[in-house]
Amino acid sequence: MSAPVTDSQTPSAPSGPSRLPTRWLILGVICLAQLTVLLDNTVLNVAIPSLTEEMGAATSDIQWMISAYSLVQSGLLLTAGNVADRYGRKKMLATGLALFGIGSLAAGLAQSTGQLIAARAGMGVGGALLMTTTLAVVVQTFDADERPKAIGLWGAVSSLGFASGPLIGGVLLDHFWWGSIFLINVPVAVLALVAVLKLVPESKNPAGERPDPLGAVLSTIGMTGAVFAIISGPEHGWTSARVLVSGAVGIVVLALFVLWELRIPYPMLDMHFFRQERFVAAVMGGILVAFGMGGSLFLLTEHLQLVLHYGPLETGLRMTPLALMIVVLNLAGVGARLMARIGGPLAIAGGMALLAAGLAVIALLGTHGYGGMFLGLVLMGVGIALAAPAMANAVMSAIPPEKAGVGAGVNGTLQEFGNGLGVAVLGAVLNSRFAALLPVAAAGAGSLPAALAKSRTEAERSAVEDAFASGVQAGQLVGAAAVLAGGLVAAVLLRRAERPTTAEESAQARA
């Protein structure tokens, strides 16, 4: 076991001797844990037909199987980060891996939809601990010189896990039953747990601040309500009681959380962070990067399967250029070197401009074939490889090192919120455009299969497919515009935050 250290003892100075000799091995362990938890965000989507057939799962059951994991995880992220800072990030990382492994085993052996939903919720608890502690440990392990590269590699693995879920799920389902997509997590979690216990040094907030149980409860309820409304909106309608009530509960409780955090001397999340332009810019940019990636992956899956008629495995294979570009560029350290050369604001602006360009290329050139889509995926991968690490570095740089867990919780919450928002908003654009262009024979159909079932002639079926393709295209263009605008605003705010004050300029001139 490694000796415990406080934040003041972690290698935060750039001097060579203070660097842990095992830091890159620790990063490998962290990335392994991160990859496991992120795969589960997307891997279940390709198993929906198998679950429907083999377990007799209803549509509502499928929705809860997918949502239970993301709801629990997003609701607990801030609390998990705070707990890790207070009680030890290594302890919470190990606890998260254990809970995630146990939940995966229970999910793989589930005999009913209820058991599977409960297991997925348990996995969400472990996932929340992992999402916060992995990034916090990276920040504590690497000094300011190496941290951008380390965060870039961490971000590459995060993107790889998110994008490769459909591919891995497709391969497993081609050879095994649906439970294999969960059981494969178990040996990986065990291996990562052993490595964490042996290699990762303990770290915690040396101030030992008092816990904030009411803040934890309020943040959990508020985030769960808000995310549940976003998840439910596309299927149940944005004006349905389900969405309005959960959304209202989320907003009201989050407002109470903010008021409470402003009043107490030991807040779980210091609201004064939001007075920093750097933090606000990073928050805005982080949401929009996740918005673009989450929404675009949703639209791409719909496009490849329902418009171009590829199967699950073929869909996963055709989305790999996105993940490969992110991984290759970050392994080569391109994003970190470029950020050091041109600065974080320009790296974010350029990366998000490329992400927006990729979405636009897919919308305009990829409607009827894969060639244009391939080019768009490459551009998106390059953009995310440049923007995402710079954004994560900006968030973590704006928060004191002793609150690294809370900073990672904020970063993870942004990702979950942005992903859900991207799917909801771009999905709504898709549905609206699709409904407006449907032929008379299929009017009122709420989905592509339902519209095709109503169509009587080949011409009507072709018109329905064209309407759906047009809806996908509209969603991608809206996503491109939002990502580009957000990137520019975030870059401007970060540039202003990094500009030295008049007093600092005067001092530098005198020196």
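Predicted model: local features only at pLDDT ≥ 70, side-chain atom pairs only at ≥ 80, totals over all residues.
**Buried spots and nonpolar cores**

**Around aspartate 143**
- Aspartate 143 sits in a loop, with α5 (113-141) on one side and α6 (147-175) on the other.
- Leucine 20 is 123 residues away from aspartate 143 in sequence, yet the C-alpha to C-alpha distance between the two comes out at 9.8 Å.

**The nonpolar cores**
- The largest nonpolar core holds 67 residues, and Leu269, Met352, Val410 and Phe434 have the most contacts inside it.
- Helix α11 (residues 277-307) supplies the largest share of this core, at 14 residues.
- Apart from that core lies another one, made of 53 residues, including Leu44, Ala128, Phe142 and Val200.
- If you skip neighbours within four places in sequence, leucine 269 is in contact with Leu78, Phe257, Glu261, Phe274, Val406 and Val410.

**Helix α14 and what follows**
- Gly335, Ala336 and Met339 are the ones to look at for burial in helix α14 (residues 334-342): each of them is buried.
- Looking down the axis of α14, the buried residues fall within an arc of 100 degrees, so they line one face of the helix.
- After α14 comes glycine 343, with a positive phi near 95 degrees.

Methods. Residues numbered from 1 in each chain as written. Heavy atoms only, no water. Buried < 20%, exposed > 50% of the residue type's maximum accessible area, 1.4 Å probe, protein only. Helix = DSSP H or I, 4+ residues; strand = E, 2+ residues; numbered from the N terminus. Arc of directions from axis to C-beta. Core = buried A, V, L, I, M, F, W, Y, C linked by side-chain atoms within 4.5 Å. Contact = heavy atoms within 4.5 Å.
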